[in-house]
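Colleague: Could you walk me through how to read the features of a model like this one? I would like the general idea each time, and then the case at hand.

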Amino acid sequence: MIQCEDGGQSLIVPGNFPQTFVNCGGVYQCPLGSDGKPIGFLAGCAGKYLVSNAALAVTEVPGRAGPLINTSSHSSHYVTPAYYNFSMADRYPAVLRHTARLLAMDIRQRELKPTVILGAPMAGIKVSGALAEELGCLGIFAEKKVLAAPNQAQRALSQLRLERYSLQSNDRVLICEDVVNNFSTTRELVGLVRAAGAEVIGISSVINRAFPVSTEFDGYPVMSIWPVPTPEYRQEDPLVSEAVQARRVIWDPKKKENWRRLIEEMNTSV
């Protein structure tokens with residue numbers, strides 16, 4: 001871990017948030033071969049797609065020595081050669097404050113005037129709290145209820161819920177996430193707000209990796225500090241299928257031991 005005695009202040013590059021994030025150790029980029037195919041680990045994504053019996057998907061089965069070609073209809077997670085881990089940045093108080101101030105600046109310029117900031121678990125919780133403090137709003141967060149544990153073929157299956165907090169019909173809710181991508185988490189959070197009868201006024205994110213970059217979701221503005229369009233791939237895509245079959249996929253990249261493995265892979269390939 002990068003050691004800082006100034007709360008991370010020395011990691012901040014004014015006017016250059018991407019470099020600040022890199023300085024925190026939050027970016028993984030899979031090494032690529034001369035043909036553009038990944039030669040290192042891919043990262044599993046939260047987004048899923050439906051695989052029909054017309055499309056072969058390579059999956060892993062617990063207890064099985066090798067990969068299984070599954071032709072039944074099921075859902076699979078996308079994979080990506082690049083991953084952005086905000087938990088590597090939010091551990092530094094100075095970087096967290098800096099991030100919240102950048103988010104708040106955009107929100108004020110748009111005159112959105114939220115009354116509640118709703119954070120997404122888990123990496124969105126700290127930045128949403130810092131943003132709520134910066135804007136003088138109420139700060140709440142959703143919680144993740146795990147429905148199925150992760151395995152060799154997919155990430156954990158979960159559902160978002162408002163367990164600790166409630167919303168009122170006159171609340172103007174700004175959703176705050178660390179990273180937006182396929183908007184699967186965003187869709188769940190919007191549903192929670194609507195179910196409570198409150199109003200969603202926008203989505204604020206630190207990083208927008210949607211491919212192509214989207215500045216709107218379901219009619220709501222999507223604001224971000226760092227728009228960095230990053231593609232995701234189906235597991236059977238020719239560009240990544242060899243890596244998937246070779247089990248070079250980290251399905252839960254944010255776990256500390258997995259993230260360490262990814263960064264070591266990236267650094268040794270430089």
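Modeller: Gladly, and let us begin with strand pairing: two strands count as paired if DSSP finds at least two bridges between them. Keep in mind that this is a predicted model. Here, strand β7 (residues 116-119) is joined to β8 by four bridges, and the two run parallel. Within that pair, Val116 sits opposite Leu138 of β8.

Colleague: Which strands make up the open sheet, and in what order?

Modeller: The sheet has six strands, ordered β8-β7-β11-β12-β14-β13, with mixed pairing. At its edges stand β8 (138-141) and β13 (216-217); each has a single partner strand, so one side of each lacks a neighbour in the sheet.

Colleague: In which sense do β12 and β14 pair, and in which sense do β13 and β14 run?

Modeller: Five bridges link β12 and β14 in the parallel sense, and Ser204 faces Met223 in β14. By contrast, β13 and β14 run antiparallel and are joined by two bridges, with Phe217 opposite Tyr220 in β14. The hairpin of β13 and β14 has two residues between the strands, and Asp218 there adopts a positive phi near 55°.

Colleague: Which residues of α3 are buried, and what covers them?

Modeller: The buried set is Ala94, Val95, Leu96, His98, Thr99, Ala100, Leu103, Ala104 and Ile107. Their cover includes the helices α1 (17-23), α2 (87-90) and α4 (123-135), as well as the strands β11 (172-180), β12 and β14 (220-227).

Colleague: How do I read a single residue in its surroundings? Is Asn208 buried or exposed?

Modeller: Asn208 belongs to strand β12 (residues 199-208). Its relative accessibility is 1%, and buried means under 20%, so Asn208 counts as buried. The side chain of Asn208 reaches the backbone nitrogen of Ala210 at 3.1 Å, and a polar atom of that side chain lies 2.8 Å from the backbone oxygen of Ser214. Leaving out residues up to four places away in sequence, Asn208 touches several others, among them Val180, Val222, Trp226 and Pro229.

Colleague: Where is Thr230 found, and which side chain does its own side chain contact?

Modeller: Thr230 is in the loop between β14 and α6 (241-245). With 5% relative accessibility, Thr230 counts as buried. The side chain of Thr230 makes a polar contact with that of Tyr84, at 3.0 Å. Beyond its neighbours within four places in sequence, Thr230 is in contact with Thr80, Ala82, Tyr84, Arg209, Ala210 and Phe211.

Colleague: What about Pro14: is this residue buried or exposed?

Modeller: Pro14 lies in the segment before α1 and counts as exposed, because its relative accessibility is 72%. Pro14 and His98 are 84 residues apart in sequence, and their C-alpha atoms are 9.4 Å apart in space.

Colleague: To finish, how many helices and strands does the chain have, and what percentage of its residues are buried?

Modeller: The chain has seven helices and 15 strands, and buried residues make up 47% of its 270 residues. Among contacts with a separation of 6 or more, 66% join residues 24 or more positions apart. The accessible surface comes to about 13100 Å², with 51% of that belonging to carbon and sulfur atoms.

Notes. Residues are numbered from 1 along each chain as its sequence is written. This is a predicted model: local features need pLDDT of at least 70, side-chain atom pairs count only at pLDDT 80 or more; totals for chains, interfaces and linings use all residues. Side-chain values use heavy atoms; hydrogens and water are left out. Buried means under 20% relative accessible area, exposed over 50%, partly exposed in between (1.4 Å probe, protein chains only). A polar contact is a pair of N or O atoms within 3.5 Å; within protein, one must be able to donate a hydrogen and the other to accept it, and residues adjacent in sequence count only if both atoms are side-chain atoms. Contact means heavy atoms within 4.5 Å. Accessible areas come from the Shrake-Rupley method with a 1.4 Å probe; for residues, only the protein chains shown count as cover.
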